Amino acid sequence: MASGKAPDDATERHPYGRDPDAIERPVFAATIRPHCSLSRLGFRVVMAACGGVALVTGFAFLQMGMWPVTGFFGLDIAALWLALTLNARRGRSFEEVVISQIEVLVARVSHRGERAEWRFNPLWTRLHKVEDDEYGLLSLSFVSRGQRVLVARDASPAERQTVAEGLTRALAEVKKGC
């Protein structure tokens, strides 16, 4: 090496000074998942505790001769199980956001595995934020040529703010041409 530069330097690999693969390399990449507050063990504990309480109180009402109340306790437990199960399934959905020099990709995968993708030119894309003084960042979306796509819609306002800062930096870097 005559120049003394490291062999992995971009100017060493390409005669024009830029690495042609850098165009496709992501400047920003994130996978955003909804907050899941209950683990499998937590689900079992909640269901066992509520079922135990319903069983004991239902038995007490049964002994007092109020047998229909026991059935309603069973319906309450079934409704709770259904609600927690649906919530856990919805927790499997996620969003992928990738910004490279040539495109902004937003992919949303539902809890059923259905995938929807939106692709934008980063030079024509801007970030639209709706903020509230009391609650923080309420919504975050990419806007490009009349099309709007919500990003981090399942995240909390604080998490959405963190994502917004990263997206803002990445879009600025791409538009600057670095």
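**Entry 1: Ile99**

In which strand does Ile99 lie? I found Ile99 in β2, the strand that covers residues 94-99. Before going on, I noted that this is a predicted model.

Next I asked how accessible Ile99 is. Its relative accessible area is 0%, and because buried means under 20%, Ile99 counts as buried. I then listed what touches Ile99, setting aside neighbours within four places in sequence. The partners are Pro26, Val27, Phe28, Val104, Phe142, Leu167, Ala170, Leu171 and Val174. I also checked Ala29, which is 70 residues from Ile99 along the chain. The C-alpha atoms of Ile99 and Ala29 are 6.4 Å apart.

**Entry 2: the overall layout**

I stepped back to see the whole protein. I counted four helices and seven strands. Starting at the N terminus, the order reads α-β-α-α-β-β-β-β-β-β-α. The protein has 178 residues, and 25% of them count as buried. I also looked at contacts with a separation of 6 or more: 49% of these join residues 24 or more positions apart.

**Entry 3: helix α4**

The buried residues of α4 are Arg160, Val163, Ala164, Gly166, Leu167, Ala170, Leu171 and Val174. What lies over them? The cover includes β1 (28-32), β2, β3 (104-109), β5 (126-132), β6 and β7.

I then checked the length of α4. With 20 residues at 1.5 Å a residue, α4 should span 28 Å, and its end C-alpha atoms are 28 Å apart, so the two agree. Just after α4 comes Gly177, with a positive phi of about 95°.

I repeated the length check on α2, which runs over residues 40-63. Its 24 residues should span 34 Å at 1.5 Å a residue, and the end C-alpha atoms are 34 Å apart, so this helix agrees with expectation too. Gly42, Met47, Ala54 and Gly58 are buried in α2. Which helix do these buried residues pack against? They pack against α3, residues 67-90. Just after α2, I noted Gly65, whose phi is positive at about 95°.

For the pair itself I needed two values. Two packed helices are described by the angle between their axes and the distance between the axes. The axes of α2 and α3 come within 8 Å and cross at roughly 170°. That angle means α2 is roughly antiparallel to α3, because angles over 145 degrees count as roughly antiparallel.

I wrote down who makes the contact. From α2 come Phe43, Val46, Met47, Cys50, Gly51, Ala54, Thr57, Gly58, Phe61 and Leu62. From α3 come Trp67, Val69, Thr70, Phe73, Ile77, Leu80, Trp81, Leu84 and Thr85. By kind, the residues of this contact divide into 14 nonpolar, five polar and no charged.

**Entry 4: Thr85**

I went back to one of the α3 residues in that contact, Thr85. Is Thr85 buried or exposed? Its relative accessible area is 15%, and since buried means under 20%, Thr85 is buried. I looked for a polar neighbour of its side chain. A polar atom of the Thr85 side chain lies 2.7 Å from the backbone oxygen of Trp81.

I moved on to strand β6, residues 136-144, where Ser144 lies. With a relative accessible area of 6%, Ser144 is buried. Apart from neighbours within four places in sequence, Ser144 is in contact with Phe120, Asn121, Trp124 and Thr125. In the case of Trp124, its backbone oxygen lies 3.4 Å from a polar atom of the Ser144 side chain.

Arg145 sits in the loop between β6 and β7 (147-151). At 66% relative accessibility, Arg145 counts as exposed. Arg145 is not a glycine, although its phi is positive, at about 50°.

**Entry 5: Ala152**

My last stop was another residue with a positive phi that is not glycine: Ala152, with phi near 55°. Where is Ala152 found? I located Ala152 in the loop between β7 and α4 (157-176). Its relative accessible area is 0%, so Ala152 is buried.

Definitions and conventions. Residues numbered from 1 in each chain as written. Predicted model: local features only at pLDDT ≥ 70, side-chain atom pairs only at ≥ 80, totals over all residues. Heavy atoms only, no water. Helix = DSSP H or I, 4+ residues; strand = E, 2+ residues; numbered from the N terminus. Expected span 1.5 Å × (residues − 1). Buried < 20%, exposed > 50% of the residue type's maximum accessible area, 1.4 Å probe, protein only. Contact = heavy atoms within 4.5 Å. Axes fitted to C-alpha atoms, helices over the stretch in contact; angles between N-to-C directions. Parallel < 35°, antiparallel > 145°, perpendicular 65-115°, else oblique. Nonpolar A, V, L, I, M, F, W, Y, C, P; charged D, E, K, R; others polar. Polar contact = N/O pair within 3.5 Å; in protein donor to acceptor, adjacent residues only side chain to side chain.
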